[in-house]
Amino acid sequence: MSSSDGAVPAEAAPAKPEKESPGVDVATGVDKAMDDFSQRLRSLSPYGDDELRAGDGAERPAGDALPPPLPDDGPTPMDELMREAFGPPDGEEGGDDRAARGLKKVAELEDAAAAPPRWLHEFAPEPPEEATAPPLCWRCGANGPRHTCAQCGVAAYCSRECQKADWGKRGAFGGHKPACAEYKRLGRPPRVPGEDRRPLLERLLAQLRLYMWPFAVRQIEERGRGFVFLQSEVSLATLGLPAPRSPCGRLLEHRRSLILHHVTLAEFDGEICDAFPGLGGARPALAAALEGDGGRAGAGEAIVLVRLACGLVAVVVTPILLDPGVLRRMGEEYAGKDCIQIDVDEVAGTEQGG
Ligand SMILES: [Zn+2]
Ligand SMILES: [Zn+2]
């Protein structure tokens, strides 16, 4: 690009009118997973909400002390969680090397994080035209923007002022500038080049792991061996792009939700294949994953069948990297739920704009 780093790309041709699309109604239903999870974490903390807020730092007067330790009236839920994860604490029998065990655990997690998921099946047709949300100005949210960014051709604005402001925007969501190249690469409607498919999906699965693993472990205990069926009404490209947001953080495109189901092989052969005939090709890979490793499936690994709006179908097996006891605790959230909905923008929100 010849433009200097800070330059705003020139105004391009007026935005093409978007085709009438039926729209994808994925915003229905409430994604409770995130709330549930943070509430659960909070319930494990010995400190109250006010004390936790005081811990944010910004408004605390200098010299303000941390909340006082709670009176010692036996082990807290957090203590029990720590015990499950790292064994007995110092001063108890067998507790001498807890720090060493903790470090070992962290090293194991880091090693395992480097262990790539196994792809057992992959089917990716030419994606259909994606239903797009009605176009809004990426800065102010006004309807019917008249200009698009000359560099990517995707970001749309009602005026030169809005485009300029979005390019230079600072703050939580970073503005368009850092994401422009990615939008240009994937185009509109966004399409993922073949070589990017696996890295993008693996990154998504990694973002979901603290929901997916406890869910899988809980469901296997309740309902028997099976796999996670991950579905979304948006494409891999859309899931992988940073979502445009208004200055107040409101998403300007449709929400990006995923639904996770627990499915047994018998259910796959029945209702799932009836509902989605195109999934039949994934059966051998699913059967192999479920039966192939001497019953370990589901204990040390999560088997995931993926079906996205772009037509991508994949069977991916990811190693589970957390302590089974900790996962079981986290999985209590999902007691009796064979389906959870996750909002990708809630899960990934903090990773943007870094
Ligand atoms: Zn505007
Ligand atoms: Zn752009």
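1. A quick definition to get going: strands here are DSSP runs of type E with at least two residues, numbered from the N terminus. His 147 sits in one of these, strand 3, which covers residues 147–149. Bear in mind as you look around that this is a predicted model.

2. Is His 147 buried or exposed? A residue is called buried if 20 or more other C-beta atoms lie within 10 Å of its own. His 147 has 20 C-beta neighbours inside 10 Å, so it counts as buried. While you're there, find Gln 163: it is 16 residues away from His 147 along the chain, and their C-alpha atoms are 8.5 Å apart.

3. Now zoom out. The protein chain has twelve helices and nine strands. It runs to 354 residues, and 27% of them count as buried. Look at the contacts with a separation of 6 or more, too: 72% of them link residues 24 or more positions apart.

4. Next, the largest nonpolar core, which has 61 residues. Which of them touch the most other members? They are Ala 155, Met 212, Val 228, Leu 286, Val 304, Leu 305 and Val 306. Helix 7 (residues 194–223) gives this core its largest share, ten residues. The core also takes at least three residues from each of domain 1 (29–87 + 110–132 + 194–354) and domain 2 (134–186).

5. Leaving out residues up to four places away in sequence, Met 212 touches Val 228, Leu 260 and Ala 302.

Technical notes
Residues numbered from 1 in each chain as written. Chains lettered and ligands numbered in written order. Predicted model: local features only at pLDDT ≥ 70, side-chain atom pairs only at ≥ 80, totals over all residues. Helix = DSSP H or I, 4+ residues; strand = E, 2+ residues; numbered from the N terminus. Buried ≥ 20, exposed ≤ 12 C-beta atoms within 10 Å, placed from the backbone. Contact = placed C-beta atoms within 7 Å. Core = buried A, V, L, I, M, F, W, Y, C linked by C-beta atoms within 7 Å. Domains from an automatic or database assignment.
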